Amino acid sequence: MKATITVRHENLDEASKNYARVKTEGLTRFFERITKANMILDGKGAFQYVEVIASIPRSATLVSHAKNKDVKSAIDEAILKMEHQLSKLKSKIMDKHHGKK
């Protein structure tokens, strides 16, 4: 999986960028077929906005958003939302292949 971290409207220290990269790369624990994951960190005013986009071939492109005053909290919140979406998609695919409705 290719993980990309993009920072807009602010300068982010290397520790936070590495934290974001590790969290993004950890999404493969929930769904193995992710080919690309993008995390966009945007600091506008007092809040940090985080958007995570996961690309899955022959399926959907999933997007999660989070907003918080602390960048690490916003990252954790967006990753948690994405993990939930990936788990839901995986169970939907597994149920379809195993004949459950």
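Colleague: What lies over the face of Y19, and at what distance from the ring centre?

Modeller: K72 does, at 5.1 Å from the ring centre. A charge sits over a ring if NZ of Lys or CZ of Arg is within 6 Å of the ring centre and within 35 degrees of the ring normal. K67 lies over the face of F47 too, at 4.7 Å from the ring centre.

Colleague: What should I know about the model and its numbering?

Modeller: This is a predicted model: local features need pLDDT of at least 70, side-chain atom pairs count only at pLDDT 80 or more, and totals for chains, interfaces and linings use all residues. Residues are numbered from 1 along each chain as its sequence is written, and side-chain values use heavy atoms, leaving out hydrogens and water.

Colleague: Why is Q48 called buried?

Modeller: Buried means under 20% relative accessible area, exposed over 50%, partly exposed in between (1.4 Å probe, protein chains only). Q48 has 12%, so Q48 is buried.

Colleague: Which residues does Q48 touch, not counting those up to four places away in sequence?

Modeller: E10, D42, G43, A66, K67, N68, K69, D70, V71 and A74. Contact means heavy atoms within 4.5 Å. V71 is 23 residues from Q48 in sequence, yet their C-alpha atoms are 5.6 Å apart.

Colleague: Where does Q48 lie?

Modeller: In strand β3. Strands (E, at least two residues) and helices (H or I, at least four) are DSSP runs, numbered from the N terminus.

Colleague: What makes β2 and β3 a pair?

Modeller: Two strands pair if DSSP finds at least two bridges between them. Strand β2 (residues 36-44) and strand β3 (residues 47-55) have nine, in the antiparallel sense. In one of these strands, β3, Y49 is the bridge partner of D42.

Colleague: What is the strand order in the sheet?

Modeller: β1-β2-β3-β4, an open sheet with mixed pairing. The edge strands are β1 (2-8) and β4 (61-68), as each pairs on one side only.

Colleague: What makes a nonpolar core, and how many residues has the largest?

Modeller: A core is a set of buried Ala, Val, Leu, Ile, Met, Phe, Trp, Tyr and Cys residues joined through side-chain atoms within 4.5 Å. The largest has 23 residues. M39, L41, V50, V52, I75 and L86 have the most contacts inside it. Helix α2 (71-97) is among the elements that each supply at least two residues. α2 gives the most, with nine residues.
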